[in-house]
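Hello,

Here is the structure I promised to pass on.

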Amino acid sequence: MAGEGSGTVPGDGAGPPAPERVLFPPTFSVSEIKNKQRRHFMFLRWKQQQRKEKLALKKKRRKEREALGDKAPPKAIPKTIENQRVYDETTVDPNDEEVAFDEATDEFAPYFNRQTVPKILITTSDRPRGRTVRFCEQLATVIPNSHVYYRRGLALKRIIPQCIARDFTDLIVINEDRKIPNGLVLSHLPDGPTAHFRMSSVRLRKEIKRKGKEPTEHVPEVILNNFTTRLGHSIGRMFAALFPHNPQFIGRQVATFHNQRDYIFFRFHRYIFKSEKKVGIQELGPRFTLKLRSLQKGTFDSKFGEYEWIHKTSSVTQ
Amino acid sequence: MHSDDHQNAEFLQERVLLSKNYEKALEEIDENLIYWPRFIRHKCKQRFTKITQYLIRIRKLTLKRQRKLVPLRRKIERRENRREEKALIAAQLDNAIEKELLERLKQDTYGDIYNFPIHAFDKALQQQDAESESDSDAEREEDDDDDDDEDVDKREFVEAEDSELSDFEDMDKLETSSEEEQEEEEEVEKKASYSKWKGKTPLKGPARRKRPYIEIEYEEETEPSTKTKAA
């Protein structure tokens, strides 16, 4: 009975209201009470006390700040993951020559030199269910110059040469599992890199609240946020290569790929400038988030491909 | 005795290799099980048929593409979902997009479509406002004549700024007529997209609150007056 030396042990459950300052003997801890009900009660009381102390501390600090007035030390910035991140050495410097040279000679160079117009083929895995099909259609409205074709059991290996022959520049395959789309393979066609993403939180147009009308045929603008590292840069270029170069500002539509902590959020909005400092945006179009699983050098080839980058969890073999 | 035991310990079964031909194999089953009851023989043949069929199917499937089932790892899935939620909150997408759009507006990627009075211009032009007001009135009347009357509220708003800026730009470029024509064309197209918006109030929550309903009513009231003036 050494641990159970609490001064005010309640009878059952309710007990007397908590005194202002509960006196505990120094060797006491709430976890040592064997009785669950009593332990629970004591724990709640302890919690309340902690909260009170915290509030009192805050009040005191605020009073001190006000008392000091101008001389008060500046507020501490809360630590976030973005603040505390270790600097990544592969971050691309805008003036880096090596990167610029690489990009001038990689597979996207023809696109960025405006020699090719993007033409995209969207397809799914075998036997797509309703949700995936609708998602494909909506994606096709968002990305200009894209066509949806049903898979019908064809092998990708055979589709790819046919696509190249018909001048497609990109291939998107949406993988489906248990009636929801959960993966995306984006492959740049004439032998370009293939990126495999895990797709999550797919929202179709009708599931988005307060959405606007359908996206029109205008070519949207593209915003790519936070694609800073080398890998991010190449992925960013892959996304940019999906859209034609000349956005029609009249359409006032913008497709955003925002990279945050390795998750790429895709949104499609219509914007309007209400004044020079205020813009209103309205979400139309589907939304989804992607997480890169692997990046392959050539076109889609799961067995013999040369992988540039694989996420740790995907590559672990047991 | 020893050999006897050894013999008894062996399998009391005999293995017969059937022929590869399906019909011949069935006959062989019948020959080998000749004194067994008919039912047992029938069941044997059924089993044999089942086995051959699934072997055929296996051979066919290995030629096609095979779907590889990758098990979901629960801990990893949960971790990734939670991290995705946190990343979404940290991303503050709306703010980021709005900031980016305003940046692009500032850097003039939109060219002449949006003519907002930039603050510097504003202060400089406040003196010239008084002088140019008569000019701008004249321009506004001309434009009223030319353009369609589909969507006047937005047009009014834009034109007021147009005249100020165009005055300023005139001093630099001396290309009034061409500019105005371009602006009119773009305005007509913009109106086409605006007219789609007009009926409903589709803007997002906070934007809807701040959008001045008052402004629209006010402009509609003044609109007939300007029209009559032009006429």
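Helices (H or I, at least four residues) and strands (E, at least two) are DSSP runs, numbered from the N terminus. This is a predicted model, in which local features need pLDDT of at least 70, side-chain atom pairs count only at pLDDT 80 or more, and totals for chains, interfaces and linings use all residues. Residues are numbered from 1 along each chain as its sequence is written, chains are lettered from A and ligands numbered from 1 in the order in which they are written, and side-chain values use heavy atoms, leaving out hydrogens and water.

Chain A has eight helices and ten strands. Of its 318 residues, 41% are buried, meaning under 20% relative accessible area, while exposed means over 50% and partly exposed in between (1.4 Å probe, protein chains only).

One residue to look at is A:Ser294, in strand S9 (residues 278-296) of chain A. Is A:Ser294 buried or exposed? A:Ser294 counts as buried because its relative accessibility is 9%. Leaving aside residues up to four places away in sequence, A:Ser294 touches A:Thr194, A:Ala195, A:His196, A:Tyr307, A:Trp309 and A:Ile310; contact means heavy atoms within 4.5 Å. Across chain A, 63% of the contacts with a separation of 6 or more are between residues 24 or more positions apart.

Then there is A:Arg51, which lies in helix H1 (residues 36-68) of chain A. With a relative accessible area of 56%, A:Arg51 is exposed.

Enjoy exploring!
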